[in-house]
Amino acid sequence: MNSDLLILNVIREIKSCLEMNFPGEPGVSEVLGKLEGVQLSPEAMIRQEPQLPAHGDVLNTAIGNIPKSRFGPLVEAITAAKDHLHWRVDRGLFYEGDADIGKDYLDGNLHCVLVGSDVGVIPHDDFLLGFFLLAPRLLYRDHIHAAPELYLNLVGPSGWRFEHGEWRDYQAGSVVWNSPNAVHAMRVYDQPFFSVFSWTGDVEQMCEVTPADDWPAVEQELREN
Ligand SMILES: [Fe+2]
């Protein structure tokens, strides 16, 4: 299979996985509705140079941790396509340069856009779909964005809190749907965090952090344990 088809196959497998395994989950119909309008063919693709600027080992570990019993075809598709994808580290892409997002996030994030904006494999002006990775032992500080957001967690557990509330662990196969400007934060334990993510609108607006007094304590605890 050539690289175009390998990449398209990943998008098809995400779509099929959402349709087959998560049809009633909040936000899934919004994502599938957007995907309905996306032409998944080589003619629609933008070809970008494959790129993996950081965290290659972490990415391999994360993919290896995805439960094949639940996500077998998707794991195969990701494994076959990952070296052909254009992965990026967010340093000023989703946050303004002076945002207090923290060094751990800046040093520990990786994503690729499959559908969306002008960097996706398939361009789209009001939709994003891709993968998002965080390195172990870090806090992704509380933040908001105008875009409604779906996470399909491919590995677990990962810690989440909403509106600065109590932490709760989410397992592989869990779905998180964030309404516009809903505050959310994640903490990553021993294993990397790896998810499908999607923004279903307002994709041009940047993220903003929403400060919390306990960031230093949470970050310290994650580093020490
Ligand atoms: Fe988010």
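The axes of helix H1 (residues 3-21) and helix H2 (residues 28-36) come within 10 Å and cross at roughly 140°, where axes are lines fitted to C-alpha atoms over the stretch in contact and angles run from 0 to 180 degrees between N-to-C directions. H1 and H2 are therefore oblique to each other, given that angles under 35 degrees count as roughly parallel, over 145 as roughly antiparallel, 65 to 115 as roughly perpendicular and the rest as oblique.

| Helix | Residues in the contact |
|---|---|
| H1 | Lys15, Leu18 and Glu19 |
| H2 | Val28, Val31, Leu32 and Leu35 |

This is a predicted model, in which local features need pLDDT of at least 70 and side-chain atom pairs count only at pLDDT 80 or more, while totals for chains, interfaces and linings use all residues. Residues are numbered from 1 along each chain as its sequence is written.

The chain has 6 helices and 11 strands, which are DSSP runs numbered from the N terminus (helices H or I, at least four residues; strands E, at least two). Its radius of gyration, taken over C-alpha atoms, is 16 Å, close to the 17 Å from the globule rule for 225 residues, so the chain is as compact as a globular protein of that length; the rule is 2.2 Å times the number of residues to the power 0.38. Of the contacts in the chain with a separation of 6 or more, 74% join residues 24 or more positions apart.

Methods
Contact = placed C-beta atoms within 7 Å.
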